[in-house]
Amino acid sequence: METTKKPILLFKVYLAFAIVYIVWGSTYFFIQRALGGFPPFILGTFRFILAGLLLLGWCKVTGQKILDKSLIKPAVISGVLMLGVGNGIVIWVEQFIPSGLVAIMVASAAIWFVLLDKPKWKENLNSKSTITGLIVGFIGVILLFGEQVLHILQTSQSTTQIVGMVLLIVGPIAWAGGSLYSKYKSPANSSVSVNTAWQMIAAGIAFIPGSIFTAEYGGFQWKNVSIDAWLSVGYLIIFGSIAAFSAYVWLLKVRPATQVSTYAYVNPVVAVLLSLCFTNEKITLIQIIGLFVILGSVLLINLAKYRNNQKNSLILA
């Protein structure tokens, strides 16, 4: 039975990683297209509340317990941190920063996973491959940020873009913190679907004050939203939120957080490829070098885990 269950679990893990890697990488592109018809905070509110309600409805129909107090509290806190703050910042800055660049900058989340995962400090920080990976990752981030910061300082819109760059440093910290909170504080036997649904509903509600403060509803009319924006929002709800975020929350339960965080390295590759293929965005040589440097650090950060997994596989065999 155990040998039968293991291949099934591994298949689910690989499938979940593939969904998170590819689908989330594409969401940066579709967020920017959706912003062509929706203001950022209204987009976040509509996307996450609708996705959460759809998933919660499915949980109710399938007989799952949706009003579990021990689950709702950590789900609300982690949902606000991950989606409300982390993803909210991404949505807002994509109004004036190219989606490919946003995805590259958000890749720093993988570094914050290691630094904020206190229960794993001894394991992660005593690992030479992890420490080396962190250093290599920071070098990659510096390569990616340096040229953009210099360019922004020389443009007339530098203030707004600098604010966006600073927020894109805060966003990954909030995302990593919320992810770790979800991993360690959510009940062990709780439903992933119910947990995900409440996280998205909480995040959607968290967007409402922003839309009121910025008076987005004053000039927004639903009838003026283009078909392209509606299709993009539909993709974000079904694939980006319900499918990919559910896969991500499940991976946090069954895999080490540092390993799950590798999505942050793969997403920029997908986002940049989409941007280069379907928009006029360009990426410089130094950014390409930085991208490969930071992608290379994923192997170093997880090298020890890969070796342990191979040893365990040999022992079981």
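Student: How many helices and how many strands does the protein have?

Tutor: Helices (H or I, at least four residues) and strands (E, at least two) are DSSP runs, numbered from the N terminus. The protein has 14 helices and zero strands. Along the sequence the pattern is therefore α-α-α-α-α-α-α-α-α-α-α-α-α-α. The model is predicted: local features need pLDDT of at least 70, side-chain atom pairs count only at pLDDT 80 or more, and totals for chains, interfaces and linings use all residues. Residues are numbered from 1 along each chain as its sequence is written, and side-chain values use heavy atoms, with hydrogens and water left out.

Student: What span should helix α3 have, and how far apart are its end C-alpha atoms?

Tutor: The expected span of a helix is 1.5 Å times one less than its number of residues. Helix α3 (residues 69–93) has 25 residues and should span 36 Å; its end C-alpha atoms are 34 Å apart, which agrees. Helix α13 (residues 263–278), with 16 residues, reaches 22 Å from its first C-alpha to its last, close to the 22 Å expected.

Student: Where does α3 bend?

Tutor: The bend at a residue is the angle between axes fitted to the seven residues ending there and the seven starting there. For α3 the bend is about 30°, at G79.

Student: Which residues of α13 are buried?

Tutor: Buried means under 20% relative accessible area, exposed over 50%, and partly exposed in between (1.4 Å probe, protein chains only). In α13 the buried residues include Y263, A264, Y265, N267 and P268. Of the 317 residues of the protein, 49% count as buried.

Student: Is F213 buried or exposed?

Tutor: F213 is exposed, with a relative accessible area of 75%. F213 lies in helix α9 (residues 192–213). F213 and F41 are 172 residues apart in sequence, while their C-alpha atoms are 9.9 Å apart in space.

Student: Which residues make the nonpolar surface patch?

Tutor: Patches are made of residues with over 30% relative accessible area and no salt bridge; like charges are joined within 9 Å, nonpolar side chains (Val, Leu, Ile, Met, Phe, Trp, Tyr) within 5 Å. Accessible areas come from the Shrake-Rupley method with a 1.4 Å probe, and for residues only the protein chains shown count as cover. Here W121, L125, I131, I135 and I139 make a nonpolar patch of about 420 Å². Helices α6 (121–125) and α7 (128–153) each supply at least two of its residues. The largest share, three residues, comes from α7. I139 lies in α7 and counts as partly exposed because its relative accessibility is 43%.

Student: How many aromatic pairs are found in the whole structure?

Tutor: A pair of aromatic rings is described by the distance of the centres and the angle of the planes. Rings of Phe, Tyr and Trp (its six-membered ring) pair if their centres lie within 6.5 Å; planes under 30 degrees apart count as stacked, over 60 as edge-to-face and the rest as tilted. A search of the whole structure finds 24 such pairs. In one of them, W175 and F245, the ring centres are 6.3 Å apart and the planes are at 65°, so the pair is edge-to-face. This pair links distant parts of the chain, 70 residues apart: W175 is in helix α8 (residues 158–185) and F245 in helix α11 (residues 227–254). W175 is buried at 8% relative accessibility, and F245 is buried at 1%. The pair of W222 and W230 is stacked because the ring centres are 6.1 Å apart and the planes are at 20°. W222 is partly exposed at 41%, and W230 is partly exposed at 34%.

Student: How many salt bridges does the structure hold?

Tutor: Side chains of opposite charge can pair when their charged atoms come close. A salt bridge is a side-chain nitrogen of Lys or Arg within 4 Å of a carboxyl oxygen of Asp or Glu. The structure holds two. One joins D228 and R33, with the closest N and O atoms 3.0 Å apart. This pair links distant parts of the chain, 195 residues apart: D228 is in α11 and R33 in helix α1 (residues 2–34). D228 is partly exposed at 33% relative accessibility, and R33 is partly exposed at 32%. E123 and K120 also meet in a salt bridge (3.4 Å, N to O). E123 is partly exposed at 41%, and K120 is partly exposed at 32%.
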